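This report looks at a pocket and at charged side-chain pairs. Please keep the sequence and the 3D view at hand while reading.

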Amino acid sequence: MNKVNQLFLESGRPNQGDNRNFFVKALDKVLTDGFISIKIQQDGKIWTNPKNVDSNGNLIKFNIEITGYGWRRRVYKNSFSAKDLLEEVGSFIQNPSISDKHVKSISVSGLEVCECERCNGKGIIPQFNYYCAGICFECYGSKYSVKKVTITA
């Protein structure tokens, strides 16, 4: 079972399919790489925080929490799928500070940073501009790919 379905099933939500589905495959990569974590509240329940109120003083409710690089995004959706969740992750990643932190965090510890092969180092794929502003989910918009350094003797 992939991490996306595990996340959805643990929260009492329907199975999202296997890795042949683009949205499931991209989300699974996000979760597997570990740069971003996603929490989903149990179906029918919400989270609130007394510190988070709107302009009318009402509590802001959320059932999705995306965290990474010292940033947090909280969202409320009545019902959602892997596609909707991936859109939220795309919005989260498009924060310019996140791309900078992504590159800094992967350029350490024996990894080699090189230009992303999917988007050719652009961070976006213009053909998919209609979806999450075309962000490349291979490099998360950072323009770089990570490859393990291999030393040959």
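## The largest pocket

The largest pocket is lined by F22, F23, R118, I125, F128, Y130, Y131, G134, I135, C136 and F137. A pocket is found on a 1 Å grid over the protein atoms alone, as an open set of points where a 1.4 Å probe fits, with protein on both sides within 12 Å along at least five of seven lines; lining residues have an atom within 4 Å of a point. The space in this pocket is about 180 Å³, where a volume is the space filled by probe spheres set on the points, which are joined across faces, edges and corners.

Of the lining residues, nine are nonpolar, one is polar and one is charged. Here Ala, Val, Leu, Ile, Met, Phe, Trp, Tyr, Cys and Pro count as nonpolar, Asp, Glu, Lys and Arg as charged, and the others, Gly among them, as polar.

## Basis of the model

This is a predicted model, in which local features need pLDDT of at least 70 and side-chain atom pairs count only at pLDDT 80 or more, while totals for chains, interfaces and linings use all residues. Residues are numbered from 1 along each chain as its sequence is written, and side-chain values use heavy atoms, with hydrogens and water left out.

## Salt bridges

The whole structure contains nine salt bridges (a side-chain nitrogen of Lys or Arg within 4 Å of a carboxyl oxygen of Asp or Glu). One of them joins D43 and R13, with the closest N and O atoms 3.3 Å apart. D43 sits in the loop between β1 (37-40) and β2 (47-53), and R13 in the loop between α1 (3-10) and α2 (22-33), so this pair links distant parts of the chain, 30 residues apart (helices, H or I of at least four residues, and strands, E of at least two, are DSSP runs numbered from the N terminus). D43 is partly exposed at 48% relative accessible area, whereas R13 is buried at 7% (buried is under 20%, exposed over 50%, partly exposed in between, with a 1.4 Å probe and protein chains only).

## A network and a further pair

K39 and E65 form another salt bridge, their closest N and O atoms being 3.9 Å apart. K39 is in strand β1 and E65 in strand β4 (residues 64-68), so the pair ties together parts 26 residues apart in sequence. K39 is partly exposed at 47%, and E65 is buried at 9%. A network of salt bridges links K39, E65, R72 and R74.

E88 pairs with K77 in a salt bridge, at 3.4 Å between the closest N and O atoms. E88 lies in helix α3 (residues 82-93) and K77 in the loop between β5 (71-75) and α3, 11 residues apart. E88 is buried, with a relative accessible area of 10%.
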